[in-house]
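Reader: Could you walk me through the charged side-chain pairs in this protein?

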Amino acid sequence: MNVNDTTSAAVLEELRRRPADRRRILFTGATIVTMDPDLGVIDRGDLLVEGDTIAAIGANLTADGAVVVDATGTILTPGFVDTHRHAWEAQLRRIMPDVDDLGGYVMATLAGYATVYRPEDMYIGTRLAALTAIDSGITTMLDFSHNSRTREHSDAAIGALRDTGIRGVHASMGPHFGEWDRQWPGDLARIKDQYFSSDDQLLTLRLATLATDEIAGPALAYGPELACVARDLGIGVSVDAVFGTSSSEAVLRWAKDGVLGPDVTLIHSTGLTSEAWEMMGETGTTVALAPTSDAQIGLETAIPAIGEALSVGIRPGLSIDVEVALASDMFTQMRALHAIQRMRAVNAVYGTDQQPSRITTHDVLDFATLQGARTNGLAGVTGSLTPGKKADLLVLQAEDLNNMPLNDPIGTLVLGSDARNITAVLINGEPRKWDGQVLDVNLAALRSEVHASREYVLNTPAV
């Protein structure tokens with residue numbers, strides 16, 4: 001079946017008519033930004049998807065029985081990878097757009113709204129966040145689910161990821177404040193057995209924790225005990241609120257205790273000492289930066305620690321963090337980091353004859369794709385358009401009003417594009433957005449559920 005329109009309803013109908021495990025899709029004539037260091041950017045290339053996997057990339061490919069999609073005038077790129085988002089908060093979007101500091105966020109959200117959340121509110125917020133992620137081209141999202149008040153709250157958050165079809169990472173943590181069942185971290189064994197028994201599935205599991213006991217007490221703080229829980233379960237660890245002197249001291253303790261490494265992600269990492277950074281680099285620990293969160297909420301130095309990470313050989317992933325005060329998309333994170341780092345680099349040598357060391361658009365796209373996958377423990381699965389990896393990809397219109405003419409595809413992706421240019425999203429080879437619309441969503445029903453949940457949360461006294 002040959003068509004000349006990547007938004008064609010007829011193509012979608014034909015794709016969905018075929019069994020997913022035997023489906024073949026051949027995209028032709030696209031500019032392919034692979035983010036694979038060996039493949040680079042391919043002008044007017046073809047990409048073949050077989051089932052859930054990228055089977056081949058090259059020129060003039062053929063595939064018997066494939067649905068052939070003429071992708072001329074588009075960019076094919078890996079889906080973005082979000083390494084840290086508190087998805088349950090989505091029905092509280094932009095409720096505090098000018099939040100003054102971390103304390104203001106914590107007291108309003110974690111000590112207030114979070115305490116009245118029911119399992120259904122967890123489901124609605126997480127589902128809304130995941131669908132919005134897909135709409136903006138994020139195909140993998142780590143949900144740092146730190147409002148697991150009961151086992152039913154955890155089940156609801158996992159169910160929401162499953163029902164959207166996103167490649168989701170459920171990072172489970174108990175709440176900071178209020179009443180809860182104290183079932184975490186013990187319930188992680190039940191969660192793994194019930195939902196994560198296979199290594200070949202869309203959803204994966206991590207343990208979520210905090211850097212220190214300053215905010216919520218010692219039970220939620222990372223250390224040898226929680227590291228042992230994660231090790232026994234065979235899962236990675238994501239550590240939030242890593243900033244300042246106390247976190248720097250904690251990093252050195254963790255290194256001494258042998259609980260740092262590639263399966264541990266430190267989130268934010270602002271205001272850390274050079275000694276802490278050196279230890280993170282030596283142990284291969286991964287880092288998730290939250291560019292707009294650090295700057296807007298004012299976390300420690302308020303400056304995303306990109307220079308510090310790169311100086312010790314860490315290429316970080318990027319994250320959204322909290323939608324109560326921040327944008328929901330990865331384009332914003334890439335642009336913010338790109339601008340902030342280049343501003344700092346030029347400012348550092350202003351008035352001297354030294355040349356600034358600036359990151360590039362390729363760097364931030366790498367952080368948002370391949371490095372994000374590595375940070376989430378999924379480097380062999382997603383993050384680049386590489387034969388053998390899962391088919392998590394975007395079709396982005398390069399000849400739309402805001403993008404034409406296409407002079408530099410990576411520059412166009414990072415500096416020119418937004419969600420409106422994404423006409424198709426595939427996750428695991430399955431179309432999740434087509435013709436500019438997220439599929440299989442009753443928007444009116446979703447809107448009703450979101451508004452009802454928000455009204456309940458806002459009008460119920462904190463406990």
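Predicted model: local features only at pLDDT ≥ 70, side-chain atom pairs only at ≥ 80, totals over all residues.

Reader: Glad to have a look! How many salt bridges does the count come to?

Author: Side chains of opposite charge can pair when their charged atoms come close. Here a pair counts when a side-chain nitrogen of Lys or Arg is within 4 Å of a carboxyl oxygen of Asp or Glu. By this rule the count comes to 22 salt bridges.

Reader: How many residues apart in sequence are the parts that Glu323 and Arg85 tie together?

Author: Nice one to start with. Glu323 and Arg85 form a salt bridge, with 3.1 Å between the closest N and O atoms. Glu323 sits in the loop between β14 (317-318) and α11 (330-348), while Arg85 belongs to strand β7 (residues 80-85), so the parts tied together are apart in sequence by 238 residues.

Reader: Are Glu323 and Arg85 buried or exposed?

Author: The cut-off to keep in mind is that buried means under 20% relative accessible area. Both Glu323 and Arg85 are on that side of it: buried.

Reader: Which helix holds Arg190, the partner of Asp155?

Author: The side chains of Asp155 and Arg190 meet in a salt bridge at 2.7 Å, N to O. This pair links distant parts of the chain, 35 residues apart, with Asp155 in helix α4 (residues 151-164) and Arg190 in helix α5 (residues 188-195). The helix you want is therefore α5.

Reader: What is the relative accessible area of Asp187?

Author: Asp187 also forms a salt bridge with Arg190, the closest N and O atoms being 2.8 Å apart. Arg190 counts as buried at 17% relative accessibility. Asp187 is buried too, and its relative accessible area is 10%.

Methods
Residues numbered from 1 in each chain as written. Heavy atoms only, no water. Helix = DSSP H or I, 4+ residues; strand = E, 2+ residues; numbered from the N terminus. Buried < 20%, exposed > 50% of the residue type's maximum accessible area, 1.4 Å probe, protein only.
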